[in-house]
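Good morning, and thank you for making time for this item.

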Amino acid sequence: MKDDEHGVPAGSVGTARHDAPVTRDELERALRRAALATEGVRDDVIQLAAQVVALVEELTRRLDGVPPGPTVTPGTLEAAVDEATPAVLERIRVRDEGSSARVLIGDAEDKYRTTADGPDCTALLPICQARCCTLHFALSSQDLDEGVIRWDYGKPYLIRQRPDDGYCVHNAPEGRGCTVYHHRPRPCRQYDCRGDARIWADFDRREVAAPSPYARREGSTPTELDLIERVRARQVALAMEGFAIGTREAERARQAAAQARAEAAAHVGAPPAARDD
Ligand code: SF4
């Protein structure tokens, strides 16, 4: 399509072409915002549910004439509900932690400061064929901001895997090396395969485990304490994600304002257009 006499592309809205392509950065920014908003709504609902459960439990206790437990201070109904809500909230969050509908996000630790004392991966690679690179794990805000490591848009923020062989998309089919080694996510830096039955039948004898339909699943069933820890780590990670998105948007606004100022200055300083008359 041709531009009009003002140089505006045909089929445009303002100065942007109606079907202008969307960059990966723009798409991921929108997906991250949507995921964060969904998590926010979900947490609001969970907090409301915790208050309702605490209220029902307190009313039931009073109607049944059960004396308050040792941890509950006798007082008004409202005060009792306020006091009981945090424990109920944690209970509900722990139960919700295993839901497959949740956004999975890695912890907020700096991956470049991670230390590990795992086995020598390079020496093991010909035997294990990097089976650990078929395991699922979630990326962190740091990974998302860098934009090097790809994630699964259908399941934020799990590492993206190839549908044909189940390996991480950054694993080289030839030689099974990591093609993003410097930027690899924190779970890749921390992981120690030696006790993992999905990888080794017997690590000391270097016998790999038989291929299993469960090989790509997350680790063993978490305990209650693991879940409580995960809930806390998630709260911190989501707060960091909100901060990261806000910081990026502030930076974008700053760059756009600087560009607009530069364009305005160039316009003011430009020589007047040649006149025909
Ligand atoms: S990022 Fe590298 S080390 Fe981590 S799963 Fe992918 S290929 Fe393996």
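Ala-138 is in contact with Leu-104, Ile-105, Gly-106, Tyr-157 and Leu-158, leaving aside its neighbours within four places in sequence. Two residues are in contact here if their C-beta atoms, placed from the backbone, lie within 7 Å. The model is a predicted one, in which local features need pLDDT of at least 70, side-chain atom pairs count only at pLDDT 80 or more, and totals for chains, interfaces and linings use all residues. Residues are numbered from 1 along each chain as its sequence is written.

Ala-138 is also among the residues with the most contacts inside the largest nonpolar core, together with Ile-105, Cys-132, Leu-139, Trp-151, Tyr-157 and Ile-159; that core has 19 residues. By a nonpolar core I mean a set of buried Ala, Val, Leu, Ile, Met, Phe, Trp, Tyr and Cys residues joined through C-beta atoms within 7 Å. A residue is buried if 20 or more other C-beta atoms lie within 10 Å of its own, exposed if 12 or fewer, and partly exposed in between, with C-beta atoms placed from the backbone. A second, separate core has six residues, including Ala-50, Ala-54, Ala-84 and Val-88. In soluble globular proteins, nonpolar side chains tend to be buried together. Over the protein as a whole, 17% of the 277 residues count as buried.

Let me turn to the overall fold. The protein has six helices and four strands, arranged along the sequence as β-β-α-α-α-α-α-β-β-α. These elements are DSSP runs numbered from the N terminus: helices are H or I of at least four residues, strands are E of at least two. Among contacts between residues at least 6 apart in sequence, 65% join residues at least 24 apart.

How far apart are the end C-alpha atoms of helix 1? They are 58 Å apart, which agrees with the span of 58 Å that its 40 residues, 24–63, should cover at 1.5 Å a residue. The expected span is 1.5 Å times one less than the number of residues. Within helix 1, Arg-32, Ala-50, Ala-54 and Glu-58 are buried. Just after helix 1, Gly-65 takes a positive phi of about 70 degrees.

Next, the ligand. The residues around the ligand are Cys-133, Ile-159, Cys-168, His-170, Asn-171, Cys-178, Val-180, Arg-184, Pro-185 and Cys-188, where a residue is counted if its C-beta atom, placed from the backbone, lies within 6 Å. This shell divides into seven nonpolar, two polar and one charged. In that division, Ala, Val, Leu, Ile, Met, Phe, Trp, Tyr, Cys and Pro count as nonpolar, Asp, Glu, Lys and Arg as charged, and the others, Gly among them, as polar.

One member of the shell, Val-180, sits in the loop between helix 4 (141–146) and helix 5 (186–190). Val-180 counts as partly exposed because it has 17 C-beta neighbours inside 10 Å. Apart from residues up to four places away in sequence, Val-180 touches Val-148, Ile-149 and His-170. Val-180 and Ile-149 are 31 residues apart in sequence, yet 7.6 Å apart in space, C-alpha to C-alpha.

Several points of backbone geometry deserve attention. Tyr-157, in the loop between helix 4 and helix 5, is joined to Pro-156 by a cis peptide bond, with omega of about -5 degrees. Gln-129 has a positive phi of about 55 degrees although it is not a glycine; Gln-129 is in the loop between helix 3 (121–128) and helix 4. Arg-206 has a phi near 55 degrees, also a positive value in a residue other than glycine, and lies in the loop between strand 3 (200–202) and strand 4 (207–208). With 11 C-beta neighbours inside 10 Å, Arg-206 counts as exposed.

Finally, confidence. The average pLDDT, the predictor's confidence in each residue from 0 to 100, is 85 for the protein, and 85% of the residues score at least 70. Confidence is highest in helix 4, at 96, and lowest in strand 1 (residues 12–13), at a mean of 66. Over residues 272–277 pLDDT stays under 50, and the model has zero contacts there beyond four places in sequence. Where pLDDT is low, the predicted coordinates should not be read in detail.
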